[in-house]
Amino acid sequence: MKNIRINVSFDMRSPGWATPTHELYRAAIEMAAFVDRIGADQIGLMQHHGSDDGYLPQPFTLAGGMAAVTSRIRFLLGAVVLPLHDPVELAEQIAVVDQMSNGRLNVIFGAGYVPFEFAMFRKSLKDRARLMDEGLEVILRALRGERFEFDGRPIYVRPLPVQAPEDIVMVGGGVPASARRAAKFGVGFGPMKPELIDLYLTECERLGHRPRTYFRPVPGMPLAVHLCEDPDKGWEAIAPHAVHVITEYAKWAEQEGDGSNSPFKGLTDPAVLRQAGMFAAWTPDQLVEKVRGMEAGQIGFQPLLGGLSPEEGWKSLLLLEATMPRLKA
């Protein structure tokens with residue numbers, strides 16, 4: 001296969017009219033074992049807090065459960081909202097999950113943007129840049145094995161991760177400051193905009209830091225593909241769930257105000273969501289044709305998108321299994 005990753009993500013959203021949450025969690029564990037077996041490259045686990053639909057608040061916990069039923073697939077957690085959390089606890093969680101997975105973990109840290117989440121954790125949005133920098137410093141020093149003091153408190157974390165911390169930690173974001181922050185701390189970078197990768201690489205060279213893991217988004221690619229035999233019927237199956245996910249993100253973007261970099265901002269009309277292309281229902285042939293024209297990038301799947309029934313999600317994953325030999329050819 002070309003430098004193309006197959007990423008299967010879970011946000012565990014479950015609006016009241018969709019699949020019950022406990023059924024989604026059971027299915028997610030089973031799906032993780034399946035996509036590990038068929039050769040997918042990565043499982044993505046997202047994070048938000050205080051969402052009515054149960055958006056996954058603890059990705060490290062779910063990653064630990066998935067690590068127990070997988071052997072080779074990597075885990076990408078993110079964006080974990082660093083300013084909301086104690087960096088020492090985050091360092092401990094990283095170390096334990098990396099040990100449980102035998103070194104298959106990456107974590108993208110983001111600055112956050114939802115006002116309610118910051119209020120919930122008694123943090124100020126105005127402090128997020130400072131908290132990002134302080135948190136990254138603490139996490140990296142702790143995971144290197146240092147015993148040190150920071151802000152008047154002693155810090156010492158054990159166990160240590162299997163991987164070097166710089167190979168685990170990544171910075172996410174949609175602004176130039178995020179690229180500069182990733183380069184400054186010598187960690188990986190997962191941007192929202194492809195052009196920020198060039199800035200990240202330039203800054204790494206200027207600072208004498210080796211670039212770590214980074215992903216360059218492919219313009220025009222859906223956030224997630226639902227594989228199906230009939231695109232119209234496939235879209236009909238996922239449409240209410242895609243509408244829910246996008247409109248909820250759009251609400252958060254509106255709360256952020258004029259400074260929002262969210263691609264969902266203003267995208268609240270269900271009639272235009274399919275044309276927007278953020279989620280797509282494709283046949284296996286359409287997927288193969290799209291991959292044929294790519295040199296690098298990521299193909300995303302969300303088999304439980306917005307509380308989609310596991311039965312429908314399995315249809316997509318079984319088609320992915322059947323299509324994997326063609327993707328690798």
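Visitor: Let's start with Phe34. Does Phe34 count as buried or exposed, and at what relative accessibility?
Guide: This is a predicted model, to start with. Phe34 has a relative accessibility of 9%. The cut-off for buried is under 20%, so Phe34 counts as buried.

Visitor: How many aromatic pairs does a search of the whole structure find?
Guide: Six aromatic pairs turn up. One of them joins Phe34 and Trp314. The centres are 5.2 Å apart and the planes make 80 degrees, an edge-to-face arrangement.

Visitor: Which helices hold Phe34 and Trp314?
Guide: Phe34 belongs to helix H1, residues 21-38. Trp314 belongs to helix H11, residues 310-328.

Visitor: Next pair. Why is Tyr55 with Tyr249 called edge-to-face?
Guide: The planes of Tyr55 and Tyr249 stand at 80 degrees, with ring centres 6.2 Å apart. Planes over 60 degrees apart count as edge-to-face, so this pair qualifies.

Visitor: Where do those two tyrosines, Tyr55 and Tyr249, lie?
Guide: Tyr55 is in the loop between strand E2 (42-45) and helix H2 (59-67). Tyr249 is in helix H8, residues 231-256. They are 194 residues apart in sequence, so the pair ties together separate parts. Tyr55 and Tyr249 are both buried.

Visitor: What cluster do the ring pairs around Tyr55 form?
Guide: Tyr55, Tyr249 and Trp252 are linked into a cluster by ring pairs.

Visitor: What about charges? Which ring does the charged end of Arg13 sit over?
Guide: The ring of Tyr249, with the charged end 4.9 Å from the ring centre. There is also Arg141, whose charged end sits over the ring of Phe148 at 4.1 Å from the centre.

Visitor: Switching to helices. At what angle do H6 and H7 pack?
Guide: About 35 degrees, with the axes 8 Å apart. H6 covers residues 176-185 and H7 covers residues 196-207. The crossing is right-handed.

Visitor: Which residues meet there, between H6 and H7?
Guide: From H6, they are Pro176, Ser178, Ala179, Arg180, Ala182, Ala183 and Lys184. From H7, they are Leu196, Leu199, Tyr200, Glu203, Cys204 and Leu207. By class, that contact has nine nonpolar, one polar and three charged residues.

Visitor: Zoom in on Ser178. Is it buried or exposed?
Guide: Ser178, in helix H6, is buried, with a relative accessible area of 3%. Leaving aside neighbours within four places in sequence, Ser178 is in contact with Val171, Gly172, Gly173, Phe189 and Leu196.

Visitor: What do the buried residues of H6 pack against?
Guide: Helix H5 (128-143), strand E7 (169-173), strand E8 (188-191) and H7. The buried residues of H6 are Ser178, Ala179, Arg181, Ala182, Ala183 and Phe185.

Visitor: What follows H6?
Guide: Gly186, with a positive phi near 70 degrees.

Visitor: Last stop, Glu289. Where is Glu289 found?
Guide: Glu289 is in helix H10, residues 284-292. Its relative accessible area is 49%, so Glu289 is partly exposed.

Visitor: And what separates the C-alpha atoms of Glu289 and Pro159?
Guide: A distance of 46 Å; along the chain, Glu289 and Pro159 are 130 residues apart.

Methods:
Residues numbered from 1 in each chain as written. Predicted model: local features only at pLDDT ≥ 70, side-chain atom pairs only at ≥ 80, totals over all residues. Heavy atoms only, no water. Phe/Tyr/Trp six-rings, centres within 6.5 Å; stacked < 30°, edge-to-face > 60°. Helix = DSSP H or I, 4+ residues; strand = E, 2+ residues; numbered from the N terminus. Buried < 20%, exposed > 50% of the residue type's maximum accessible area, 1.4 Å probe, protein only. Lys NZ or Arg CZ within 6 Å of the ring centre and 35° of its normal. Axes fitted to C-alpha atoms, helices over the stretch in contact; angles between N-to-C directions. Left-handed = near helix turned anticlockwise from the far one by under 90°. Contact = heavy atoms within 4.5 Å. Nonpolar A, V, L, I, M, F, W, Y, C, P; charged D, E, K, R; others polar.
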